[in-house]
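Welcome! Please take a moment with the sequence and the 3D view before reading on.

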Amino acid sequence: MRTVFLLYCLSGFVSLGYQVAWFRIFVDRFGSTNLVFGLVLCNFIAGLGLGSLASRSLVDRLGRVTRNPNPLRSYGLVEIMVGLAAFLTLLVPVLPGDVFGAFPYRLVDGIHQPTTAYMLSHAVIVVVCVFVPCFLMGVTFPLLCRAFGTESRFPSALYGWNTLGACSGILACEFLLLPSIGHTRTFAAMAATNVALGLYFLTSSRFAAAPTPDDGARGDDEIDDGKAGGATWGLRAALAVAIVSGLLTGAFEADVLRRLQFLDCRTDAAMSCISFWAILAIFAASFTVRGLPRLRPTHLKVACGLALVLYLGLWNSAYHLRDWANADDLEAVRAALPRDTTGLGVAHAIHYFRYGPGAVFAFTGIFVFPAFFLMSLLLPQVCNAVQSRHRHLGRVYGANTVAFCLGILSFTMIAPQVNVFYSLKLFPIVFALLVVFLATIPPRRGPAPRQIALITAALAAAALFTPSGFERSYLPEDSPAAHHPVRGMRSNGAHTTYVVADPRGDFLFFDSHTMSGCNEPAQKYMRLMAHFPLLAHREPKSALLICFGVGNTASAIAAHATIESLDVVDLNDQVLLTAPEFARYNGDVIEDPRLRLFHDDGRRFLAHGENRYDLITSEPPP
């Protein structure tokens, strides 16, 4: 059994290595868009959940086809299939860039948007490359638990070993493999490891004889006597708790990412750090459940309530914690910079998390680990309860993962579509309602239909009646947005944009930080970015501007009489829609007939067709 634990730990290492590499491979291919992020994340989690739900029927069919009922041999075959399916991702970089033509855009309300076929191609490729291998990964946990069905505390131990490997995979990829060999070779190594792992299970004499799957059934309402890992959930209750646990943890992970971004923690490592701490919390929770057989449902309900109180307390102290986590790095940067003699201030202080990884790692850990650990105690105990009844874990584990995906979607793409302030206000209410619902679930019988109807109505009411207006109290005291009038608030799900009427000049804000502005220093350097190269050119006729901001650079380009065409590309279409708010600063350049607006990733835009420009200028956000 120990060998199985170690090898499943390796499988966890590989699975999170895939996720880290997928985020980079598909950004390389399709650009750094919210759609790409959402597609990878949702296909990863949904694949795991649906694979778990289909585990029993798929493995039974596989056994009949191969005429091999040994579940550990079947596990080896599934691991090989995961590796082979993953290798499809390596074909993505060689696909032709202009497969949908040199101009895959359609004009919508004055902005050239990617065509439906172009966007669908992204979705289809990600589904094939991400969903398929993740679906097969989802088969493996219920399969191994079924193989050791007589071991009532096996699921929590197996889950713990797998998450230990996942934590290690994130760290190894982020800090060792990606910097040394790049994401393509890292991904290839992960796929090869999957195949090798599967071959070992198929060929090793150690797995020639495996435990016979025990699919015996007991009554749905039968209660365990407590000897099987303290598992006292009835089967219907276990399913309900698994769904609530998935919703809570999925929504929590999405919300904490949104809050950390709101607090200017926007580095490349932030997502990986959040995943690391969340998975480490699952690992710790799994072994806590295994090591404390006296844990009861009441204990875990109290733990979830404590997680809510702890999380809200941390949010109320967020800016103080940010200053504490970042103090050493900030001082080191200030000491290294030359003395400021310009009188323009220190630009490096605008973005707090741009220095060493220590601040990001510590800050994300404070926010994620304690609350996620308390919530993650639920699932391992529920899985032990189901295992103790010799029931297949596919339905419970799959329902948990699908609910996790729903939670992620709700607070990654749906609630933020209203705006970030609405999302940040809604989550604590949803958290509290789910904790109350969990507290009322009878461990023996599960929730009554009336309880389910009440929680559904309460969640719908929360979504409808949570205020969606601008919230000054969420901003630091030194922010212009905390003191000056705000107008033009819009959201595209990834960011909420708005204009702050500062006396020094209007500013364009993304969530909680300044993205661009019309004050005198900004006007000067942004315009010079266009004037210098254009004046150095003999007769510039065409220009491409990547990142519109408030239109300072665009209006400078348009001021040159020789310019015949100006293409503007921005990743956030709300920025382009907000352009009229700055018309008095940029000369209403948005109405210039020479100008075309494109909503796309700048690098992807340049990959289409054979457009040539006399000037290409880009000042992407810090």
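This is a predicted model: local features need pLDDT of at least 70, side-chain atom pairs count only at pLDDT 80 or more; totals for chains, interfaces and linings use all residues.

Strand 3 (residues 486-491) runs antiparallel to strand 4 (residues 496-500), and four bridges join them. Here you can find S491 opposite T496 of strand 4. The two strands make a hairpin with four residues between them, and G493 in the turn has a positive phi of about 95°.

Next comes strand 5 (residues 507-510), which pairs with strand 4 in the antiparallel sense over four bridges. F507 in strand 5 is the bridge partner of V500, and F509 is the bridge partner of Y498. Strand 4 and strand 5 also form a hairpin, this one with six residues between them; G505 in its turn has a positive phi of about 140°.

Are the side chains of strand 5 buried or exposed? Both faces of the strand are covered: F507 and F509 are buried on one side, and L508 and F510 are buried on the other.

Four bridges join strand 5 to the antiparallel strand 6, with L508 standing opposite S516 of strand 6. The hairpin of strand 5 and strand 6 has two residues between the strands, and D511 in the turn shows a positive phi of about 60°.

Conventions: Residues are numbered from 1 along each chain as its sequence is written. Side-chain values use heavy atoms; hydrogens and water are left out. Two strands pair if DSSP finds at least two bridges between them. Buried means under 20% relative accessible area, exposed over 50%, partly exposed in between (1.4 Å probe, protein chains only).
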